[in-house]
Amino acid sequence: MMVNVSKVFIPVVISLFFFSSIASAHVTVLPKTSATGAWETYTLKVPVEKDIATTKVTIKAPAGVEVMSYQPVPGWTYTAEKDASGKVKAFTFEATGEGILPGQFQQFVFVAKNPDKAAKAAWDAFQYYKDGSIVEWTGEEGSDSPHSVTDIVTSTSSDHHDTATTEHAEKTDKAQTSEAEKEDETSDSLPLILSGAAALLSLAALVLAFRKN
């Protein structure tokens with residue numbers, strides 16, 4: 001019996017595409033890489049992978065990362081849970097209206113100070129839906145519900161600064177050397193010019209004396 005390949009293959013492809021779309025539609029924090037000690041502007045992206053609206057999202061601050069401020073978003077409120085020292089342990093954006101509808105996503109921007117040592121900052125996220133269900137994006141990379149990770153790498157800004165300073169100094173030295181060489185050439189040629197002028201004056205005096213005689 002002949003099997004219609006298209007009837008089998010097309011549904012499989014559609015299912016795989018749908019599954020991959022669902023799997024990739026998770027809460028993320030960008031950028032994926034940042035420098036140690038930097039005041040980074042992070043963007044929290046919250047997509048909706050269900051047929052109902054997302055009404056709230058809570059993010060736990062990674063160890064060593066200090067959340068400093070946030071950008072207000074119309075239709076959303078911001079609250080923060082702090083520890084005894086006043087540092088933000090977790091922060092929440094909650095909708096005052098319909099929230100993020102199916103097929104949509106919302107971005108939230110905040111500023112945080114990175115730790116001074118290199119580390120992997122894991123952003124555990126909790127996505128709340130209108131029906132009361134919660135999706136916990138707290139798993140390791142590669143899991144069904146992974147948390148977003150920012151790789152905090154050692155800053156090289158000072159190295160760039162030193163290199164730029166050295167290059168500037170070298171250019172300045174070369175310019176000063178060039179000017180000095182020009183001045184030396186001028187000072188070396190000046191006696192020759194004066195000697196030539198004196199010879200011409202002497203020759204002119206001899207010609208005038210010869211004509212008088």
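Two residues are taken to be in contact when heavy atoms of theirs lie within 4.5 Å. The structure is a predicted model, in which local features need pLDDT of at least 70 and side-chain atom pairs count only at pLDDT 80 or more, while totals for chains, interfaces and linings use all residues. Residues are numbered from 1 along each chain as its sequence is written, and side-chain values use heavy atoms, with hydrogens and water left out.

The chain contains two helices and 12 strands, these being DSSP runs numbered from the N terminus (H or I with at least four residues for helices, E with at least two for strands). Read from the N terminus, the order of elements is α-β-β-β-β-β-β-β-β-β-β-β-β-α. Among the 213 residues of the chain, 24% are buried, where buried denotes under 20% relative accessible area, exposed over 50%, and partly exposed the range in between (1.4 Å probe, protein chains only).

When neighbours within four places in sequence are set aside, F108 is in contact with Y42, T43, L44, V46, V57, V73, W76 and F93.

Side chains of opposite charge can pair when their charged atoms come close. Four salt bridges were found, each requiring a side-chain nitrogen of Lys or Arg within 4 Å of a carboxyl oxygen of Asp or Glu. One of them joins K87 and E66, with an N to O distance of 3.8 Å; because K87 lies in the loop between β6 (76-82) and β7 (88-95) and E66 in strand β5 (residues 66-70), this pair ties together parts that are 21 residues apart in sequence. K87 is partly exposed at 42% relative accessibility, and E66 is likewise partly exposed at 28%. In another salt bridge, the closest N and O atoms of E81 and K89 are 3.4 Å apart; E81 is partly exposed at 45%, as is K89 at 41%. D116 and K113 form a further salt bridge at 3.6 Å, in which D116 is exposed, with 62% relative accessibility.
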